[in-house]
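User: Please take a close look at one strand residue in this model and describe its surroundings. Then set it against the rest of the chain.

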Amino acid sequence: MLPTWSLIIAGLITLACAGIFLRGLWQIVTVARMGTVAPGRLTPVGPRLWMTMKETLSHSAFKNRPWIRVAHWCVMISFPVLFFTLVTAFNQLADPAWAFPIIGHWAPWEWLIEIFAWAGLIGGLYLTWVRTRTGRAKNSGETLESGDEFPRTSRFYGSINWQARYVEFTIVGVVVCVLLIRGAEYAYLAGAEYATLVHFPTTAWIGGLLTGLSQGTLGWIITILAIIKLVLSLSWLVVIGLVPSMGVAWHRFLALINVYAKTNVDGSKALGPLPDLLVDGKPLRLDMIEEMEGDERLGIETISDISWKGLLDTATCTECGRCQDLCPAWNSAKPLSPKLLVTALRDHAFASAPFAKAAVSMEEAHSGDVLGALMESGAIGSDPKRGPNAPLMPNVVTPDVLWACTMCGACVDQCPVDIEHLDLVVGLRRHQTLMESTFPAELGKMFTGMENKGNPWGLNPRKRLDWAKKLDFDVPQVGVDVESADEVDYLFWVGCAGAYDDRAKKTSAAVAELLNTAGVSFAVLGDGESCTGDPARRAGNEVLFQMLAAQNIETLNEVGAKRIVVSCAHCFNTIAKEYPDLGGTYEVVHHTQLLNRLVREGKLTPVPPSEEDRKKITYHDPCFLGRHNKVYNAPRELLGDKDVVEMELNRERAMCCGAGGAHAFFEDKNGTSVSGMRTRQAMATGAEVIATACPFCTTMLNDGVRGEAAEIEVKDVSVLLLEGVKRGQARSE
């Protein structure tokens, strides 16, 4: 046992290590302070604290991986519980029998320590095994490129492996020391009233292995184990303090703040509406544009244009790759990985921060690839003032990466620490579109069509009612056949695709016919309807979006619209979730929701096909209906359970069709077709029909079917329902 003065030395060493840790923490704070404001992220305090506690303790963000969820929960809880064993280890340097007063030999406390030590050990070993076997080349059949530790198909591809391994080693090492010390204490206290199974429920057997050793030897074993435990713990503080961008370690502290500051106080993910474009901390509105002086910087140009919450996001990233795992762009061999986008911004932020005297030191601390490229391009240099003001495009984020995003939201939905990737993407797009006029060439035609004709294709607004010409009943138009939308049950918002696209016209006609059959009165706006602005907003053209939104809201308010049924998932999301912030609040339902209610109420009675005509159906979840708005059950209930077979990726894990983020209007020449990949996933089920609930999904999947030369039909749920209703009508005649 060491002399008492050794405690003083240990204390001084601990203070030095804690100082390095606090230095790293201050560097993270410095990076976050480089960012802009993020209004509403800190209040209301009570609901946010409650939400943070619920999400942290339940680990609800760990989706579809139950065993990883349990293992990580055990490791997380063991961290604060076993912190007290660190205090014990200090005092055991001088006295191996030292224990906390009162609770030190209190059986419930000892049980808690041992249970979570074993839980932390098992959890740590399991997580280590997961990282080892997940996506390794020997399992996937891939070959590794030079310098890569994981193949591209692994969600850990691009992650800094040594950092994760170091954290895993520390976790396992510390809990092993805790358990061995407990066992040695049992042997050391032999004969004392505490040396019983009641006080050492799971470690007495370890002490039994040490039976026969002298008291002095057992004391030295405890002391040496305490030293090892302290060295492991204090070394961890030093390492993460020296590498403040080590998100896989820092997330255990930062994740709590990141969850607290998430967009939605109710705990839901930052999906659905996009964030406002802020100018001087205020949301951009049309009436502000005329007053702008022209020197304002819109969107994200440099690292200092990102909000403090966005920069905190980058520092919190654990590089687990769950976002990358489900990203349709990455899985179709495009250059965008949500994880690598976040880590590239993180590395740039830390290399650009005022404390970064030279980027070389950060390059040495990390893998070096990203920062080396940044230094070669001139984006980062030894001048600390140069980095924060260096344009992110194309030095840090290339155009191919930025424009590959379909805004499907899988990254946001899957992230266990609530990183809001889409806010970063749309911020970068806004600057490129509004300030640099740099975007895919096809989008220029789309913007012009939306501005001049009210639709992305620039077609004649008078043709918006052509879809209804073949119906055997008249579709009333507000302002022509009815004075106000108050006179009907619903205003039917047809949407641009539903009005102009030949395949989507079938959906519009089916919805109208079903509503008519059910006795639900409705009317349309006809040429009074204009594009909601969704493609413009997600392509970064916030000004055009607001122009279109203001026009539509004015029209809807003038006609007295209160209840709106929408057949397009994108229109549904925009009108329901984004228009309220601009003064347009309505009761909005998707056509599958309304039709499902009508079936339940007996106003529509579909009849299934005969056995010989029955076809196997698989349902594709539109991102802006499912993941962004949580509408999963209504379409499936309309299809019925008997004939529907799910794709492997379904519901919240469903893969995008490839149309989102304005991708329906420009061609992505990188990688393979997203719609083709989704079509192959549907074909793998053996289905003969792909059911959809969005006109853009219908178009993209039809393109995928054509590209795959597949013998499979693509139909909207409403079209299939109408077929069933007509079968019932035919049988009753």
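**V588 and its surroundings**

Beyond the residues within four places of it in sequence, V588 makes contact with I564, V566, F572, I575 and A576. The model is a predicted one. V588 sits in strand 6, which covers residues 587-590. Its C-alpha lies 5.9 Å from that of V565, a residue 23 positions away in sequence. V588 is classed as buried because its relative accessibility is 14%, and the cut-off for buried is under 20%.

For contrast, consider a residue of helix 1. L15 belongs to that helix, which spans residues 5-33. With a relative accessible area of 60%, L15 is exposed. L15 is also part of a nonpolar surface patch, together with W5, I8, I9, L12 and I13. The accessible area of the patch comes to about 660 Å².

The wider setting is as follows. The protein has 30 helices and 9 strands. Its radius of gyration is 30 Å, close to the 27 Å that the globule rule gives for 733 residues, so the protein is as compact as a globular protein of that length. Along the principal axes, the C-alpha atoms occupy a box of roughly 100 × 65 × 50 Å. Buried residues make up 57% of the 733. Of the contacts between residues at least 6 apart in sequence, 78% link residues at least 24 apart.

Methods: Residues are numbered from 1 along each chain as its sequence is written. This is a predicted model: local features need pLDDT of at least 70, side-chain atom pairs count only at pLDDT 80 or more; totals for chains, interfaces and linings use all residues. Side-chain values use heavy atoms; hydrogens and water are left out. Patches are made of residues with over 30% relative accessible area and no salt bridge: like charges are joined within 9 Å, nonpolar side chains (Val, Leu, Ile, Met, Phe, Trp, Tyr) within 5 Å. Accessible areas come from the Shrake-Rupley method with a 1.4 Å probe; for residues, only the protein chains shown count as cover. A salt bridge is a side-chain nitrogen of Lys or Arg within 4 Å of a carboxyl oxygen of Asp or Glu. Helices (H or I, at least four residues) and strands (E, at least two) are DSSP runs, numbered from the N terminus. Buried means under 20% relative accessible area, exposed over 50%, partly exposed in between (1.4 Å probe, protein chains only). The radius of gyration is taken over C-alpha atoms; the globule rule is 2.2 Å times the number of residues to the power 0.38. Contact means heavy atoms within 4.5 Å.
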